[in-house]
Amino acid sequence: MSKEKILEKSFLLIALSSISILALIAFFIFQQGIPLIWKVGLNSFLLGDRWFPSKESFGIFPMIVGSFWVTLGSLIVGVPLGVACAVFLCELIPPTIAMILRPMIQLLGAIPSVIYGFWGLIVLVPLIRDSFGGPGLSILAGSLVLGIMILPTIISISEDSLRALPRTYKEGALSLGATHWQTIWRVLLPSARSGIVASIILGMGRAIGETMAMIMILGNATQLPNSILSSARTLTTNIGIEMGYASGDHRQALFATGVVLFFIIMGLNSLALIISRKGRA
Amino acid sequence: MPIRLEESSFMEKQAKIAIQNFHFYYGTFMALKDLNLSIQPNQIFAILGPARSGKTTLLKSMNRLTDLIFGTSHTGQIFIDSQEIYGPEISLPELRRRLGMVFDLPTALPLSIFENVAYGPRFKGLSEKSRLEEIVEKSLQAAVLWDEVKDRLQSSALRLSGGQQQRLCIARMLALEPEILMLDEPCSGLDPISTASIEESLTKLKDKYTILLVPHNIQQASRVADRVGFFLEGKMVEEGSAFDLFTRPKNKKTEDYISGKFG
Amino acid sequence: MKISRHHTQGLAKGVIWVAAFSTLAVMFWILYQVLREGLPLLHPDFFIQAPRQMGRAGGIFPTIIGTIALTVVAIVIATPLGVGTAIFLQEYTRESGVSRVIRFGTDCLAGVPSIIFGLFGFVFFVIFLRMGWSILSGGLTLATMILPTIICTAEEAIKSVPYTYREVSFALGGTRWQTIRKMVLPNAFPGILTGVLLGVGRSVGETAAVILTAGSSFITPDSLFSPIRTMAVHFYILAREGISMEMAYATGAALILLILAINTVANWMMYRYAHKA
């Protein structure tokens, strides 16, 4: 076989690495986690609300609820503010200032999550505790910090979508007598909708997957949370907190939590792909 | 059934290039129709015709650059020195070194002037500095560019003017020591002085090479070419000596094109 | 009373201004706060000394080694794999079944949360391959995490090399590999380097996966098989265990400065690269 052919085959092999890694991840996580789900029963694993590893009780419903509320909260915080910032950067300030702000926002997105968690712990948690009572370590704190963390993602991608719109959209609307704001609200934002939605889904993925910052500020109670001031765990923090010392069934239960997380993320990913394909059509 | 070369005429046996029953397709679109052509060595053959008549396709199917495009296919044969270039034992890099090509836009590579010209020879395995310098100088002289750049061979080729870049491309092609030169509208976008100097080099070069030229316009063809083929929509309508084609064209369409009735 | 369009516009724009301004202000204030408390504590000793009293005093030297070591391992593994994948997708295939599968794998990998990578790295590298909690386990896990980023940026960089360069290279007798090596890769290099820097930034900041695979020792490592904590992990432990807020601030500030430096270099490269063309 000629040298060129050998090279081509080698590159093909290299290129298969990412799908192979994905397969490996799925295989090993499932291999560890599925037997436990089988043992405990899918229903009682997903819907059981008692997590007592020492008593062999593995119900992760409180964590599912915790993940849900924290993610929802982060979207409530992050989406309006993020889109507002995107509009701000794209339409309301001079391009030169935007050019300076953009890399700074990107930098904020590169800051490790533990820094945001730290800030949440030092500043936000006492603030909530003093203003609203409760432990302070709460879903509220988590939502706020998580919302701030996903802002750079939502801002960058939404702003890119807005900037990618043909200038004729804006010029056309303005020349028909629309005000600037009407143009933004009725023409530009709807046209950039698919990009904005993509950014939201991406942000949601980041929010669901966040671990360390949430460990620092959610309080990590294993009971079903009943208000936004409650302490809670998410699927991720459940793993992150106990993995250090878990063994046997307990450890497998954490892998099982990972399996559930895996499915949720894959579902989100597929949703994102479908929407982005529809948007392009 | 393909015509075997031994059965065709004595003239064709001597031809540098012999094209027989050649059709070329981009997918299902037939870009070249039933081409039969033989080109003698050491002459300038002009490929004349309006846009989209298959001229560039013809050149690129000769050095098989068309192989890079997905979905191309052909029927018929092209022989160079009696060797079928689409045959299985043909080495593509070697074929492309035998047929040098210059494109219609100045395509200097983002390298120094020296490295641009030395690019092809390096692929052949040539790395000895003195040999490379020799080849670079010789090629730049043949392309009438040496005097202008000999003091700045290490500077970036992208800083040259359009006319200089195009002559660089010619030098680059000559450095391969090819047998056949293919030039696709080499003077498009160039000023009259650069054009004249390139045309002058071509006339000198035909002593050593066989040249296929897609001229920028009819006047260029009449200035420079020995023989001309007139192409229309993928078919070669007429072929003959430049003098014959321009003064007494046999085909009405050729006459119309030459007199400017369409273009 | 009918509100005119101009009033609506004024109101809407005003709201956006306030929202955006305060959002950006809060985000920058977070950085500022950590830097304000932490920067004064950064003196040379901090960087050369090992932690003492579980981190209440001393410095972060071993964690710096750990951060560098893990990042180097991750980059050394992920870059050839990532660039090779990009070369294959851009130079050796068209859109086909194979390329779609590869892209699907890459996209999915990009979305996997870091804790899952941590679980995977633990069961695969630490346990199954018997590497234990180590720089190697941590670095390899990080490599799988940054692979999609490198593939993506490398593909963009390769795609941006003009087709004419390739065509000319082929016309001059180059084989496909020669063309890639001498024309495509050198011209795609700045873009690829940017991707590598992004991978570096991600490795530096990653915590969840690193704790589960590289351990949390703060003793200076002596081999690839030693466990070690990175700066980010050290910061997390200091903060969460409440060991020392001062040290946490200092470590956090150092972390932010490092990320700032990496990002600035990456941005500068992208800027220069975009303007060179």
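**Ground rules.** I'm numbering residues from 1 along each chain as its sequence is written, with chains lettered from A and ligands numbered from 1 in the order in which they are written. As this is a predicted model, local features need pLDDT of at least 70 and side-chain atom pairs count only at pLDDT 80 or more, while totals for chains, interfaces and linings use all residues.

**Who touches whom.** Two pairs of chains touch, and chains A and C make the most contacts. Chains A and B don't touch, and I find their nearest C-alpha atoms 12 Å apart.

**A with C.** I get 60 residues from chain A and 67 residues from chain C in this contact. On the chain A side, helix H2 (residues 17–40) gives the largest share, 10 residues. Helices here are DSSP runs (H or I, at least four residues; strands are E, at least two), numbered from the N terminus. I sorted that side of chain A into 45 nonpolar, 13 polar and two charged residues. For the classes, Ala, Val, Leu, Ile, Met, Phe, Trp, Tyr, Cys and Pro count as nonpolar, Asp, Glu, Lys and Arg as charged, and the others, Gly among them, as polar.

**C with B.** Here 14 residues of chain C meet 16 residues of chain B. On the chain C side, H7 (163–171) and H8 (176–205) are the elements giving two or more residues. H7(C) gives the most, with six residues.

**Inside C.** I looked up the domains, whose bounds come from an automatic or database domain assignment: domain 1 is 5–41 and domain 2 is 46–276. Seven residues of domain 1 contact seven residues of domain 2.

**H8 and H9 of chain A.** The axes of H8 (residues 167–175) and H9 (residues 180–191) come within 10 Å and cross at roughly 155°. Axes are lines fitted to C-alpha atoms, for helices over the stretch in contact, with angles from 0 to 180 degrees between N-to-C directions. So H8(A) is roughly antiparallel to H9(A) (over 145 degrees; under 35 is roughly parallel, 65 to 115 roughly perpendicular, the rest oblique). I noted A:Tyr169, A:Lys170, A:Ala173 and A:Leu174 in H8(A) meeting A:Thr183, A:Val187, A:Leu188 and A:Ser191 in H9(A). These contact residues divide into five nonpolar, two polar and one charged.
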